[in-house]
Amino acid sequence: RCLLKMVKGNIVVPEDILSFCCNGLQGSTSPPRARDPGEWEEAPGAMGGRNPTEVQMSQLVLPCHTNHRGELSAGQLLKWIDTAACLSAERHAGCPCVTASMDDIYFEHTISVGQVVNIKAKVNRAFNSSMEVGVQVSYEDLCSGKHCSICKAYATFVAQGPPGTKVKLKTLTPQTEEEKIEHSIAAERRRMRLVHKDTLKDLLTRSPRETELETRDGSVVVPAEKTRVESVELVLPPHANHQGNTFGGQIMAWMENVATIAASRLCHAHPTLRTIEMFHFRGPSQVGDRLVLKAIVNNAFKNSMEVGVCAEAYGQEMSVSRRHINSAFMTFVVLDEEGRPRTLPMVVPQPGDGERRYREASARKKIRLDRKYVVSCKQTEVPLSVPWDQSNKVYLSYNNVSALKTLVAKANWALAREKEKVQIYTLEEDKFLSFRIEMSVRISAGQAFSLLSDLRRRHEWDRHYASAELVQQVDEDDAIYHVVSQTLSHENKPQDFVILASRRKPCDKGDPYVVAFRSVTLPTHPASAGFTRGETLCSGFCVWPESEETSKVAYYNQATPGYLTYVTTNVAGLSSSFCATFEACEKFLLKNKDDLIAQLQGL
C-alpha cells in the first residue's frame, strides 16, 4: 500500500525495478491460475444478479441412486451433470444441443444417502456452433450443514438446427470478473482439447515399442482377458432427451457400470471411480438403438487401474455395421477400511492390441499427471519453474497463457500515473503487486505481435536485456529462450532466465494478440556459477487492434510478497523508468514495421 501511494504521488524507484518487470524475479512462488468454475462470484445488479445461462440443480440422494455402500454411483452423478450442462447450453443457444465432449473429471469425495447434490452450470464461451459449459458439483449435509466440493467439469455442447443446417451461436458477453476470466481461458482449453490426441501420439512415438511389464513383489498376476466385460442396452424413451437422442449422461452411466464390473474382476473388491479421462462423442444414438458396451482393464499400476470402455450402436438389422459412439478411459482405486488405496494385482496384456492398450494406458497416466499437476492444482502447489518436456508442453503452454489472461481480466486496476501517451496501472491483490503499462502505437496489432513475440530482438529496445538465445522452437506458437540480463543480482552476478514464450492470435473479434512468458527448467540449461538464475512469475504482452493502423500495446508483470519489501524500501525512479522503456519500445515498433511489411510481402 505504501508503494501505491508513492507511485500515485509520482515518487520514483530505481532502475532495478524495471529490470524486475521486464525480466522477472528470483525466488517467487507459482504463477496465477485460471479460476475454477466453482469460484464464480455473483454480480449484484448484473444481468439481474445471475448469468442468464446459469442453471442450478439440487438432487436428494436416495437409495435408488446408490451402490452397495450407500454412496451415490458415479454414473448417476454423470447423468445429473450432463443434464444440467445441457439445459445451460440450450438456454444460450435457444435450440436443442448435444454433448460433444467432456474434459477430465476428478472425483474428490463420495456422496452418501440423504445428502444433497448441488450442481451449478453456465456457459463460459460460445464459439461458432459449439460452446463450453462449466459445471461445479458440491454436496450438502442437511443435518450438519456441511458443504464440500465434489468435482469440476467442462463440457462442450453443439447446437443442432434443422437437418442439413448449421446453427451460428450468438456471442456471450461476460459480466463479472470471474466470467471474463473463464470466457478468456475457454479458448485455451479448446485449443488443448484439439491437440490432446497428438500429445498422446507424440509420447507413444518416443516410448519403447516393447511392452515392459511392471514387477511388484508378492503381487497376483491376472490376465487382462479375465476382466473383459460386454453388455447390451436397449435405448428406450426414458433414456433419450427431447430430441430423441440418447442422453450423453445416460451413455456415460452405462459405460461407468461396465467399467466398474471390469475393475471388480481384477481386484475382487468394490472399486471407487477417481478420474474420467477427457473424451469425445463421435456420433449420436436414438431411441430403439441397441448399445453394446465393452470394457477391459488396460493396465494396473500400484494403487490404481485404467479401464477402457467403448460404446457401439446398431439398429434392429444386424447386417448394418455397428456405429462407434464413444470411448472413455476411467481410473479406479480400491480403498481399505481407513480410506487408503490398496495395492492392486498386476495385469498381463494379450499380445497385439492388448499390449498397445497397455502402453497407451501408461502414456495416458503420464499425461494425466502432468495435466493435473500443471493445470488443475492450486496456485501454491505448483513450483515456479516446472521442468519442460514433450509430454507436458501443451499444459505448460496452457498454464502460461491462462495465467496472463487471468491477470488481464482483473477488474481493480488503478491508474497510478499517466505521462504523455503512457499509462501505468497497479493492482494489489492476494499478496501480489502487479503492473500494467500501456500505450497506443501507430502500428497494426499483427505487426506489433510479430515484433514483440521474438525475444531475440528485445535488447534493441529494452536496455535490461543483454541477449536472448533461442534454445528450442517447440512449435509455431511456443519457443524457449535463454535470456541474459544486464542487471546484476545481489551476488554481483548477471541474472539469467530460461523462459517459455507462448503466443496466441485472437480466437474471436475483441480478443487480443497475446505473448506470455513464464520460467521453465531445461536439463540442457541448468543454473551456472557465472549467473544468478532468475525466475519470472507472470508477464507478457497483450495487443488490441484499435484500427487498421493503430493498436493498444499493454505489458503486464506480477510480483510476489518477497519482492515487495525490496520495492518499498528502494523508492526512487519507477514511473520514469517504465515510461522511458515503453517509449523506446514504441520507437522500435515504428522503426521496424516497414521492414516487417517488406519481409511478409517477399514471402
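Q: Which residues do ring pairs link into a cluster?
A: This is a predicted model, so its side-chain pairs are computed from predicted positions. Among its six aromatic pairs, Phe517 with Phe541 is edge-to-face, while Phe541 with Tyr555 is tilted. Ring pairs join up into a cluster made of Trp461, Phe517, Phe541 and Tyr555.

Q: What is the angle between the planes of Phe517 and Phe541?
A: The two rings sit 6.4 Å apart, centre to centre, and the cut-off for a pair is within 6.5 Å. Planes over 60 degrees apart count as edge-to-face, and that is the class of Phe517 and Phe541, with an angle of 90°.

Q: Is Phe541 buried or exposed?
A: Buried means under 20% relative accessible area. Phe541 has 1% relative accessibility, so Phe541 counts as buried.

Q: Which strand holds Tyr555, the tilted partner of Phe541?
A: Phe541 and Tyr555 lie 5.0 Å apart, centre to centre, with 55° between the planes. Phe541 is in strand E24 and its partner is 14 residues away in sequence, so the pair ties those two parts together. Both Phe541 and Tyr555 are buried. The strand that holds Tyr555 is E25 (residues 551-559).

Q: Which ring does the charged end of Arg436 sit over?
A: A charge counts as over a ring if CZ of Arg is within 6 Å of the ring centre and within 35 degrees of the ring normal. The charged end of Arg436 is 3.9 Å from the centre of its ring, which belongs to Tyr425.

Q: Which arginine lies over the face of Phe127?
A: Here again a charge sits over a ring, at 4.4 Å from the ring centre of Phe127. The residue is Arg190.

Q: Which residue in E6 is the bridge partner of Thr99?
A: Strand E6 (residues 147-159) also pairs with strand E2 (residues 97-102), in the antiparallel sense and over five bridges. In E6, the partner of Thr99 is Phe157.

Q: How many residues separate Glu177 and Lys410?
A: Side chains of opposite charge can pair when their charged atoms come close. Glu177 and Lys410 form a salt bridge, their closest N and O atoms being 3.7 Å apart. Glu177 is in helix H4 (residues 177-194), whereas Lys410 is in the loop between H8 and strand E16 (414-419), and the pair is separated by 233 residues.

Q: What is the relative accessibility of Lys410?
A: The cut-off for buried is under 20%. Glu177 counts as buried because its relative accessibility is 11%. Lys410 also counts as buried, because its value is 14%.

Q: Are Arg442 and Glu549 buried or exposed?
A: Arg442 and Glu549 meet in a salt bridge (3.4 Å, N to O). Arg442 lies in the loop between strand E18 (432-441) and helix H9 (445-452) and Glu549 in the loop between E24 and E25, so the pair ties together parts that are 107 residues apart in sequence. Both residues are exposed.

Q: How many of the 16 residues of H8 are buried?
A: Helix H8 (residues 393-408) should span 22 Å at 1.5 Å a residue, and its end C-alpha atoms are 23 Å apart, which agrees. H8 is mostly covered, and its buried residues number 15.

Notes. Residues numbered from 1 in each chain as written. Predicted model: local features only at pLDDT ≥ 70, side-chain atom pairs only at ≥ 80, totals over all residues. Heavy atoms only, no water. Helix = DSSP H or I, 4+ residues; strand = E, 2+ residues; numbered from the N terminus. Expected span 1.5 Å × (residues − 1). Buried < 20%, exposed > 50% of the residue type's maximum accessible area, 1.4 Å probe, protein only. Phe/Tyr/Trp six-rings, centres within 6.5 Å; stacked < 30°, edge-to-face > 60°. Pairing = 2+ DSSP bridges. Salt bridge = Lys/Arg side-chain N within 4 Å of Asp/Glu carboxyl O.
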